[in-house]
Amino acid sequence: MTNSARLLRAGIDMGGTGTRFILLEGLREVAALTVPTAEFDAIPQSRRSDELVSRLRQLCPADGQIISLGIGASGPVNNRSGVIENSDTLACFSFFPLLDELQQRLNVPAAIDNDAVVAALGEFHAGAGVGSQRMLMVTLGTGIGVALLDKGQPFRTIDGRHPEAGHIPVSGSTHRCYCGVTGCWETEASRGWLQQALLQLLPNLHWPQLTVKRLDALSADDPRVAAILSEYGGRVGRGLSTLLALYGPDLTVLSGSAARLLPLFRPSLDTALQRASGYHLSPQIISSSLGDAAGALGAALLPTIREPVKRS
Ligand SMILES: [Zn+2]
């Protein structure tokens, strides 16, 4: 490294669909790239870490020097052993010493964590959560991801892992979630529930292109659509009510593809959070500002947090 080298933090956000790479100089994005995760599935496991490092080096400008690496990954992640344990949606990066291999190849401090944690770090440092003292982030996607940052530090279980707070019982439903709980919040209120309910009513609805404006118009035309949106706000609110009562954050950031529809289910969400005087819950609930970009950005910042899980 020369004195004039630009010091860059590398982040990788691994999802079931896409793997996003980013290089940051301070908080500024220097370069970024998203690759279909299926591309890594197609090469032998023994070469996957080499391929990840190769992609990072290709992104790195000639005057740049990678000084750390952070990884966010969907599903269970053991941030102590550095092994992803997600055979469902991230099998190609699971159950081998990924963090050790990457650290050996790059020879820089490295850390790994759940994707909900890194997305929250991204919003906290560079997005909707800037200035928050205690930020709750809830991702309404295929499932429900939850992360709590207290003064920027992720809240952990006693053994240092990420608590799966999207899996809390919120209803008397007898349907059993894959986590083992009946009436689980993830089953009751993920984007998947909303999408399925709307598709049953409107089979031709194209979810990826669904805008707030379009759904608002559909809701105005059909009270059954309005009823689904109202029901969804109540379902999101039932889990959020528990988390807000337990943790008392000053800000809640909603992300994931259902969060962009927040204006349409906000009234029933607010109603679900109303309590008697003296049992007041923080009303500060906003949508994420970085969207899908939050994960890789937050991953790059992961080695900078004070916890003992990083390796150097
Ligand atoms: Zn569950």
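The 4 donor atoms around the zinc ion subtend angles of 100 to 118°, so the arrangement is tetrahedral (four donors with all angles between 85 and 135 degrees). The donors are H167 (ND1), C177 (SG), C179 (SG) and C184 (SG), at 2.0 to 2.3 Å. Donors are N, O and S atoms within 2.8 Å of the metal (3.2 Å for Na, K and Ca); water is not among the atoms, so sites may look incomplete. The donor residues follow the spacing H-x9-C-x1-C-x4-C in sequence. H167 and C184 link distant parts of the chain, 17 residues apart. Both lie in the loop between β10 (153-154) and α5 (185-189). Helices (H or I, at least four residues) and strands (E, at least two) are DSSP runs, numbered from the N terminus.

The model is predicted: local features need pLDDT of at least 70, side-chain atom pairs count only at pLDDT 80 or more, and totals for chains, interfaces and linings use all residues. Residues are numbered from 1 along each chain as its sequence is written, and side-chain values use heavy atoms, without hydrogens and water.

H167 is buried, with a relative accessible area of 15% (buried means under 20%, with a 1.4 Å probe and protein chains only). C184 is also buried, at 1% relative accessibility.

Elsewhere, two helices cross. The axes of α8 (residues 223-247) and α9 (residues 262-272) come within 7 Å and cross at roughly 45°. Axes are lines fitted to C-alpha atoms over the stretch in contact, and angles run from 0 to 180 degrees between N-to-C directions. Residues of α8, including L229, Y232 and L240, meet L264, F265, S268, L269 and A272 in α9, with contact meaning heavy atoms within 4.5 Å.

Definitions and conventions. Four donors count as tetrahedral if all angles lie between 85 and 135 degrees; four count as square planar and six as octahedral if opposite donors are over 155 degrees apart and all others between 65 and 115; anything else is irregular. Buried means under 20% relative accessible area, exposed over 50%, partly exposed in between (1.4 Å probe, protein chains only).
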